[in-house]
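Dear colleague,

Please find below the structure that I am handing over to you, together with its sequence. A summary of the findings follows it.

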Number of protein chains: 2
Amino acid sequence: MAAERMVVIGGDAAGMSAASRARRLRGPEELEIVAFERGRFSSFSACGIPYWVGGEVGARDDLIARSPEEHRERGIDLRMRTEVTELDVAGGRVRVVERDGGTGQSAGGRDDGGRWVGYDHLVLATGARPVRPPLPGIDAEGVHGVQTLDDGEALITALESAEDRPGAGAPGEPGKREGRRRAVVVGAGYIGVEMAEAFVNRGYQVTVVDKGEQPMSTLDADMGELVYEAMCEMGIETVRGATVTEILTDEHGRARGVATEDAEYPADVVVLGLGVRPETELARAAGLPLGESGGLLTDLAMRVRGQENIWAGGDCAEVLNLVSGRTQHVPLGTHANKHGQIIGSNIGGDYATFPGVVGTAVSKVCDLEIARTGLLERQATAVGLRFVSVVIESTTRAGYYPGTKPMRVKMIAERRSGRLLGLQIVGRENAGKRVDIAAVALHTGLTVEQMTALDLGYAPPFSPVWDPVLVAARKASAALRAA
Amino acid sequence: MAAERMVVIGGDAAGMSAASRARRLRGPEELEIVAFERGRFSSFSACGIPYWVGGEVGARDDLIARSPEEHRERGIDLRMRTEVTELDVAGGRVRVVERDGGTGQSAGGRDDGGRWVGYDHLVLATGARPVRPPLPGIDAEGVHGVQTLDDGEALITALESAEDRPGAGAPGEPGKREGRRRAVVVGAGYIGVEMAEAFVNRGYQVTVVDKGEQPMSTLDADMGELVYEAMCEMGIETVRGATVTEILTDEHGRARGVATEDAEYPADVVVLGLGVRPETELARAAGLPLGESGGLLTDLAMRVRGQENIWAGGDCAEVLNLVSGRTQHVPLGTHANKHGQIIGSNIGGDYATFPGVVGTAVSKVCDLEIARTGLLERQATAVGLRFVSVVIESTTRAGYYPGTKPMRVKMIAERRSGRLLGLQIVGRENAGKRVDIAAVALHTGLTVEQMTALDLGYAPPFSPVWDPVLVAARKASAALRAA
């Protein structure tokens, strides 16, 4: 029997990274590691689901970084289809219930009351749950989420079976508009636009319905407008400022469309892409500290605030935004992996901290790339910052180089200090990852004037002689002088 | 008559940027701006020449950012084919000689002794000249440099005329090896590999001969080895450790190949890609301060050291490397443009400085991308630094995403401080520009441990969940702890 037991709740990125890292640092004689996952899959890439649906990723298992068996071979006792139903902080234990016998089979087994498992170190990595508004018809057949591999599999199975149906219309025949199958995506954030691309790639006629004034509310409206225009040009019907009031169903109870206050949009399939919220009911019931978004609050070592031996990371936690000075919920696999590493290092006896995020995100819809880091104008205003913003047009490569594409960059800089506050990019191929330049600048507090001198990689296939980020920095610097 | 006169020597990036910026800040009644260019072209992209030769850029004029006429329309008195032959610092004047009547025509006009032109502000932007070793045959027909648009035009004219010749072999027919025309490129640095790509794209059988142990001596040998292997796989004959002793010529005095100490390489065309040296003979004769490479030494405002009203920028100047603490010669258009902006700002009554470079460069040969920033191992050792280095393998996108490509990253970090010292990348499409992340980190003195927490853009089409730069930072951080 090991000297200590580490219990992990949640078998995805944060939890299993923590488990793996702790295992590398401490052997089984020292540390027993037990992980509970209520679903059927471990360590999968939720962010890859749109590309699986779109047919760019061929197989479900390509999205699985490490299977339960692989984790077990590495000395992590990972229990699938096993749910933690209660957390007893004072007693240092969790109540565990096996679903379907804990085998991953849909055996229809009855839940028992569960058993208690004690811990010396507890890792909360319970992830997030998709937003699912209580609309009429929301639970109808043909309405899909895309948060888990189960969701993805259900969606693909439904699509394939419908596409095989005689007279069902022909995906992939763009000339035959009447015959094309129709998808409605509710929500035009990252998941929404990525799912729009997936259905375009599957040959569907796509409608995206969003309540915001522009798609991508993670951008300022002027940049979101570019996304709107580009999506319309791609043939994606993009409906703004529209609140969905009902999922319309047919006589068999299947979804046949989406209704807003003003209109109806027929659909063969409806996908919900409304974002996610931290899954923290266990933690809330146990009285652990939660932030404004409902995510767990931690210290810099990813320890839950006020707790000695409870840690939290990934989509169930809030993180400090280094630019706004506030904690926020940023559900991204890249953060979850970092959190897991840090938690595992600390439990394993090493030392690591997570300083915070700067709000970087990148996405694409077909060949349009969308990226942002730092604060939007409204976010800067909300935390009391005064700023200038500039927008510039440039290209991804030298203007004369074949394959050069347009890109627009918006830069926000603080008055007086001149410090960079945020950057947004909307452009075509090769535009998006330039956001990393600004991300590092935000981590290090560079002024836009300092940024004008950055020694960035230049050659005609890679950049204009003034990289677009430098062009934006020069304009922002001039705007500050004029302000 | 204007109150002051600004004289610019050199009509390319640095000089004309300085002129343009000064003109925007001060009107013609305040500042007269005269620029002298001894060649036939102004403001051209020398870095674009390989792509013009390779056929990716269709026309010479695509490489010209601004013609002499456009400069003159903006109030800059740009005199083409006009050479400055002497600089009288004490007298505040330069001696100017018009070549071919200063018209750009090859009229065979005789040089006169020139006339003196006084200046209140002088900008030295004389650029660089290609290295041209005094080998037998070096001046033969069929031996080409690729430094200026004139060079490029001469090369393309020669290639087109030879390719049209009956029985000259058929470029672009890879099956017919004997019939393919052969190019030998001397030198395997940036220009050399880019010219190799250009000739591959033109359908030539290409040999690159280099005296170094690996191509790309701007990389460490282990990373250069990857470039060597990739070039061989592309069918580019790559000869290492070979010193060219002679350009072989035929009975008509035309180049027919290249001889090294050990072998002969037949060629229909020979291109010299041996790099460039600062063009500073005028400055040297005038007693201005030059660095080890022969480039002009300036202060942070780009004023020549010890001078009140003489400025220098672009390929004729040395710049401070912020990582090594030493000045060096870095002939890159992106720096030249920055220098010009800074000089023009300062002469124009505004204020700007150039803090220095971190040694960033990016290039490609066919689909292989090559990038570096900071110091190589030998450069770090040469300035007294002790360090660890690590190499990692990763991919440009999520492993499961279509089009993901391998990339290798080498990272060098200082012992004790943990500070990043350098990064090198060799990989396929989308690998190279990641060097910018490290460039910003070098500007700001980040440690590799700090880099492990960078909030970089992540989505499957853009990056693995751990960006390759983060993977390298984690490994470097671990190596430091173990050191």
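Chain A exposes about 18700 Å², and carbon and sulfur atoms supply 46% of this area (Shrake-Rupley method, 1.4 Å probe). This is a predicted model, in which local features need pLDDT of at least 70 and side-chain atom pairs count only at pLDDT 80 or more, whereas totals for chains, interfaces and linings use all residues. Residues are numbered from 1 along each chain as its sequence is written, chains are lettered from A and ligands numbered from 1 in the order in which they are written, and side-chain values use heavy atoms, with hydrogens and water left out.

Of the 483 residues of chain A, 58% count as buried (under 20% relative accessible area, 1.4 Å probe, protein chains only).

Chain A contains 12 helices and 25 strands (DSSP runs: H or I, at least four residues, for helices; E, at least two, for strands). According to an unreviewed UniProt entry, residues 363-465 of chain A carry the annotation "domain: Pyridine nucleotide-disulphide oxidoreductase dimerisation"; such annotations may be inferred rather than shown by experiment. This span is 19% helix and 35% strand.

In chain B, Asn346(B) belongs to helix H8 (residues 333-347). Asn346(B) counts as buried because its relative accessibility is 14%. The C-alpha atoms of Asn346(B) and Leu25(B) are separated by 9.7 Å, although the two residues are 321 residues apart along the chain.

How values were computed. Buried < 20%, exposed > 50% of the residue type's maximum accessible area, 1.4 Å probe, protein only.
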